[in-house]
Amino acid sequence: MRINFIVNGGSVEIDADPARPLLDVLRVDLSLTGTKQGCDHEGECGACTVLLDGQPVRSCLTPVGKAQGRRVETVEGLAGPDGLHPLQSAFIETGAVQCGYCTPGMLMAAKGLLDRTPAPTHEQVVDALDGNLCRCTGYKKIAEAVDLAARRLRGETAEISRGGEPVGGSELRSDSTPKVTGAAKYVEDMTMPDMLVGRVLRSPHHHARILSLDTQKARGLPGVVAVLTADDVPGALYFEDYSLEEPVLPQVGETVRMVGAPVALVVAETREAAYAALDAIEVGYEPLPHTFDTDEALATGAPRIAGNGNVLTRFELKRGDLTAAFDRADAIVEGEYRLAFLEHSALEREALLGYYDEAGRLTVVGGCHEPFYQQGYIAECLGLPREQVRVIMPPTGGSFGGKQDPWPFLATALMTRHVAAAGHTGTAVMLAYSRQESFAATPKRHPYVVRNRIGATRDGALTAIRVRIDANTGAYDSHGQYIPEYAVTASGGPYRWDAVDAYAQTVYTNGPKAGQYRGFGTAQACFATECALDELCEKLGADPLEFRLRSALREGEASFLGYPVAESLGFAEVLEALRPAYEAMLERSRESRAGHIGRGVGLAAMWYRFGKSGSLRVEAHAELARDGHFIIYCTAADYGQGTNTTMAQMAAEALSIGRERIEVVNADTARAPDSGIQGASRATYFVGGAVTAAARNLAIETLGMAAELLDRAPQTLRFEDERVTAPDGVSIALAEVAAEFDRVGKSRRVRGAFDLSGQFPEATRPTYAPLFVTGAHLAEVEVDLRTGETRVLRMAAAHDVGRAVNRRDAEGQIEGAVLMGVGAALMEEVLPGHTTGFADYYLPTIKSMPQIEVFLVEKAGRYGPMGVKGLGEAAMLPATPAIINAVSRAIGPAGGRRIRTAPATPERILRAVRGEAL
Amino acid sequence: MTQYLYPRTPEEAVAALVEAQGRAIIIAGGTDVLPDMEKGKWRPDRLVDITRIPELGQVEAGGGWVTVGAAVPFAALREHPLIAERVHALADAAASVGARAIQTGATWAGNLVQAMPAADGAVIAVALDAEARILDASGAAWQRVADLYLGPGRSKIDPTGQLLTHIRFPLPSEAWGTAWRRAGRRPSLILPTLNCAATVALREDRIAAATIAMGPVGPCPVRAGDAELFLRGQLPSPEVMAEAAQLALCQAQPRSSALRASREYRMAVLPVLVREALTEAAQRAGCPPQS
């Protein structure tokens with residue numbers, strides 16, 4: 001059917017099925033890929049919001065037939081000839097753009113509001129943005145951006161602070177503009193000629209053995225290019241270190257241990273052909289008994305899933321005389337704490353594009369944390385030398401650890417290689433997950449069962465902690481083997497203990513595989529300890545802030561691990577930073593209120609070991625380009641948290657130049673050096689250190705060369721815009737300096753390394769470097785004692801960041817983590833066998849946003865560049881226990897029991913109010 | 001390829017359905033039709049879009065009735081001055097559906113045809129004693145909304161042959177108030193764990209009539225008839241409202257859902273919502289607040 005309508009002021013005529021979603025027509029037929037899709041055409045995410053005759057609509061639920069003769073506005077139409085729309089600039093300036101995937105929908109929802117309501121109240125802003133999910137920002141800066149834009153549109157002058165320094169102020173992000181205009185190309189937005197569709201056949205069983213697998217019929221279907229099984233994997237069939245006992249694809253006779261486990265791959269010319277092929281693959285399954293629960297998996301007679309008695313790995317730590325230490329305690333708390341599977345829910349689903357690049361390398365473009373690791377896994381799986389594999393990090397719509405799983409990379413590489421080897425004309429394969437698939441098949445956060453016993457003396461000194469942890473790794477490992485050590489380390493926290501007895505194990509079940517998730521293995525253990533500490537405070541009648549201060553680990557003191565923290569320790573400063581907010585919250589919570597409303601204030605703290613294992617030596621390069629600007633080459637994958645900007649800021653600081661003179665080439669294995677594993681909040685510290693070193697080395701080389709040309713002493717020279725200038729005013733263009741490098745045959749590209757190997761005695765780092773940061777959160781909540789419904793009214797978060805490279809981005813990390821903490825505390829839970837996607841996995845919307853106050857404590861670090869420390873994941877830890885402690889305190893006066901399970905759904909809270917078991 | 005029609009009158013719409021002999025369905029906002037087509041519930045050859053029929057886009061009051069056209073989206077409904085000022089429960093129920101960018105498309109009529117037991121639009125319609133005007137080849141007739149349900153997700157209205165053109169409900173002239181309550185695992189963008197609507201009409205400080213509708217506590221929206229009967233002639237005291245809430249509970253048969261809430265939780269919370277809704281409705285009807 002011919003359909004005419006106006007898009008962004010211009011008329012278009014298309015020939016399309018009028019029942020197709022407007023979203024698909026915009027993205028596919030009109031190549032307007034600024035409008036995003038985050039759910040499966042369900043209206044559950046808001047990323048596809050556009051304006052239809054000025055009204056915000058979900059374009060995924062709007063048939064294009066409705067657009068006939070009407071006016072459609074998308075993000076691409078926001079900017080005018082004079083530049084960005086005030087909403088776009090406000091989003092950039094306030095730091096409302098992180099990964100950028102929700103941004104187009106947010107912008108259009110906001111425009112729909114401001115076009116109708118030029119001076120909206122906060123409630124109207126919340127109403128307009130409600131239901132547009134954002135996983136990065138915590139919504140606070142988005143609401144601020146709308147308010148700022150509204151004021152400017154009304155003609156008010158509204159400026160916001162920026163700070164002048166390259167490092168330490170609130171510099172704007174370097175890559176936000178394409179994200180607010182819709183120009184940024186995420187993988188799903190990419191097209192290549194003759195692009196093929198990759199799809200995955202997944203097991204429908206929680207646990208089954210594959211008895212037969214027949215792909216003959218599927219291979220013969222029209223439009224089907226390839227059907228791949230384990231037999232088609234040329235190299236290693238197993239992941240090796242990433243995931244013990246997990247095949248890339250299962251062989252006949254092997255078990256598949258969760259719903260969604262991959263069985264076969266299909267490459268086809270169209271989506272329809274791919275689905276037909278999936279339907280035509282014949283698999284014989286023998287269903288096996290299954291369990292999702294660690295207690296059941298460990299019991300005698302449990303179904304055999306994997307590992308040794310379904311145990312993957314164990315870790316134990318004992319120090320001091322536990323019996324004596326408990327004997328000294330005046331109060332002891334003993335409890336069992338339980339947490340659920342969580343899904344990262346990055347707004348961009350897993351999407352990868354495979355092709356052969358101009359140099360003939362098998363190339364996979366996809367969001368991840370460590371392109372060089374993916375390159376290595378692919379090389380192993382395909383039996384190729386690493387040099388013949390290339391991994392490129394595109395703009396990525398969030399990860400939070402979820403995109404660390406190599407499987408989608410291996411699948412894409414396998415399909416791409418197979419298509420090329422078969423001589424098919426297709427040049428590229430796109431593997432794009434549905435949201436449902438993303439829920440079923442990607443790693444989740446490990447549920448924990450934590451059995452804790454802690455004691456303290458009457459005067460508030462902690463004496464002993466005994467902890468037993470069963471971490472549920474689900475069906476497969478995905479680095480679950482490292483979880484026990486992380487769990488134990490997080491359990492003790494930044495506190496002095498006389499004795500510790502900690503044991504943790506990872507247990508296989510038939511739940512979804514669990515893997516990296518912001519705060520890998522630590523947030524769950526921190527939750528249990530911090531809740532138990534709060535219970536102990538209640539028992540002793542102690543103030544939670546003073547109590548923690550009393551036992552807070554101080555600089556130079558050995559921790560329960562047996563050695564001191566290597567970095568400067570700002571824990572006491574963090575707690576003190578919260579004191580005024582704490583007192584104000586307590587004051588408010590004492591105010592009179594209706595009898596059915598309980599109010600409570602909760603505190604929780606944490607330490608977080610950043611930096612991870614990996615290499616303690618990482619590298620970055622810096623180059624003086626031919627035209628005189630500077631290029632930084634590094635690998636600090638930016639999935640929305642802002643490393644592209646951070647690296648440029650740090651290089652600018654090291655070179656003493658403006659950031660606009662710096663280009664960053666980041667996370668492309670063919671262009672940038674390997675800067676180590678990317679996780680555990682290590683980018684700013686480790687890669688930033690290498691970038692700083694490379695930039696400094698380049699400054700020395702460049703100024704040295706300029707000194708020869710100018711005949712001046714190098715130490716007197718400095719960079720000034722595009723030139724190098726001497727104190728007497730003599731100067732030379734950087735392009736000329738670059739030409740001189742080339743003339744004498746000297747490289748314009750230099751290396752820089754950040755190297756901590758040998759810094760710490762081996763004994764202080766049994767497995768990992770003793771780099772820790774600390775932080776604490778406060779929550780003020782209101783509970784309806786009759787229904788269990790809970791609102792988090794306010795949160796305050798303090799973190800020792802060493803030095804904030806970018807204040808606004810640091811705040812954004814913390815605010816986003818706070819909202820993730822709200823979700824984990826009150827709503828989010830993947831129930832195996834029930835949860836399918838965003839319709840039944842409840843993420844916080846803007847209506848759940850509390851008032852958030854952030855305190856950046858800057859106790860300069862000792863080893864990292866410019867005094868920085870790690871932050872991104874650390875911020876995830878204290879939010880959930882702070883909220884749960886607040887809820888427990890809110891219901892306590894009404895006779896409620898302590899909450900020991902998260903998420904504390906209204907139902908669980910009501911049971912606690914009534915003194916029933918959860 | 002699907003045919004997409006914009007009839008100019010309700011009669012034209014019905015004719016377009018009849019002509020297609022079961023292969024056409026009505027579409028208003030499309031927010032349910034599109035996902036249902038994706039799931040395969042409907043596989044129409046023809047979509048008959050009613051949103052450009054002028055007479056279906058109006059909210060009108062007259063003769064003691066409020067009449068809402070089938071093409072009025074929830075966003076317009078909640079913002080209509082008459083609804084926002086006089087029928088609070090309807091405005092709040094409309095605001096409970098999905099999110100703003102869904103309310104701009106989704107309609108009250110569509111919500112009723114969809115026939116889900118917890119649909120916010122259905123529960124408020126049943127509380128308001130709403131009627132639906134059903135037009136088909138044989139003519140038009142008003143039917144009580146409460147009578148349109150065959151079971152969960154099953155309506156008597158056949159969108160391949162019938163058009164719900166209007167919804168109407170009586171608007172008492174004075175001393176009348178309505179209220180809406182909802183519980184869920186998050187504040188919005190979620191199907192309700194429970195919802196309920198109450199209306200109260202007062203005469204000389206006593207309750208002349210009250211209605212209570214609840215969901216999902218049965219296969220379709222449930223009226224708390226015993227409680228309504230009990231309330232008639234009572235003074236709207238807290239004790240009376242609490243008693244009525246307990247009576248309402250006796251008529252509720254909620255189910256357990258792993259993803260939302262157990263039956264026990266729903267039973268515990270329902271009386272709270274009913275009592276609050278009744279109390280607020282009474283206040284809006286002119287009863288002074290009591291504690």
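**Cavity, domains and interfaces**

Analyst: Helix H21(A) is the element that gives the most to the lining of the largest cavity, namely three residues. Please keep in mind that this is a predicted model, and that the largest cavity holds about 670 Å³ of space.

User: What makes a residue part of the lining, and which residues are closest to the centre of the largest cavity?

Analyst: A lining residue needs an atom within 4 Å of a point of the cavity. In the largest cavity 40 residues form the lining, and those closest to the centre are Gln641(A), Ser681(A), Gln813(A), Leu871(A) and Gly872(A). Three helices of chain A, H18 (643-655), H19 (683-710) and H21 (807-826), each supply at least two residues of this lining. Sorted by class, the lining has 20 polar, 13 nonpolar and seven charged residues.

User: What makes domain 1 and domain 3 of chain A count as being in contact?

Analyst: Contact means heavy atoms within 4.5 Å, and by that test 33 residues of domain 1 of chain A are in contact with 27 residues of domain 3 of chain A. The area buried between domain 1 and domain 3 of chain A is about 2,600 Å², with carbon and sulfur atoms giving 53% of it. On the side of domain 1 of chain A, Arg135(A), Tyr139(A) and Val167(A) supply 26% of the area buried against domain 3 of chain A, more than any other three residues.

User: How large is the interface of chain B and chain A, given as buried area?

Analyst: The size of an interface is often given as the accessible area lost when the parts come together. Chain B and chain A bury about 3,900 Å² between them, and 56% of this is on carbon and sulfur atoms. In chain B, the residues that lose the most area to chain A are Arg185(B), Arg186(B) and Leu259(B), which together make up 18% of what that side buries. Five salt bridges are found across the interface of chain B and chain A.

User: How do you know that Glu276(B) and Arg786(A) form a salt bridge?

Analyst: The closest N and O atoms of Glu276(B) and Arg786(A) are 2.3 Å apart, so the pair meets the rule, whose limit is 4 Å. Within chain B, Asp120(B) and Arg182(B) likewise form a salt bridge, with their closest N and O atoms 2.9 Å apart. Between domain 1 and domain 2 of chain B the count is two salt bridges.

Technical notes:
Residues numbered from 1 in each chain as written. Chains lettered and ligands numbered in written order. Predicted model: local features only at pLDDT ≥ 70, side-chain atom pairs only at ≥ 80, totals over all residues. Heavy atoms only, no water. 1 Å grid on protein atoms, 1.4 Å probe; cavity = no way out; pocket = protein on both sides within 12 Å on 5 of 7 lines; lining within 4 Å. Points joined across faces, edges and corners; volume = space filled by probe spheres on them. Helix = DSSP H or I, 4+ residues; strand = E, 2+ residues; numbered from the N terminus. Nonpolar A, V, L, I, M, F, W, Y, C, P; charged D, E, K, R; others polar. Buried area = accessible area lost by both parts, 1.4 Å probe. Salt bridge = Lys/Arg side-chain N within 4 Å of Asp/Glu carboxyl O.
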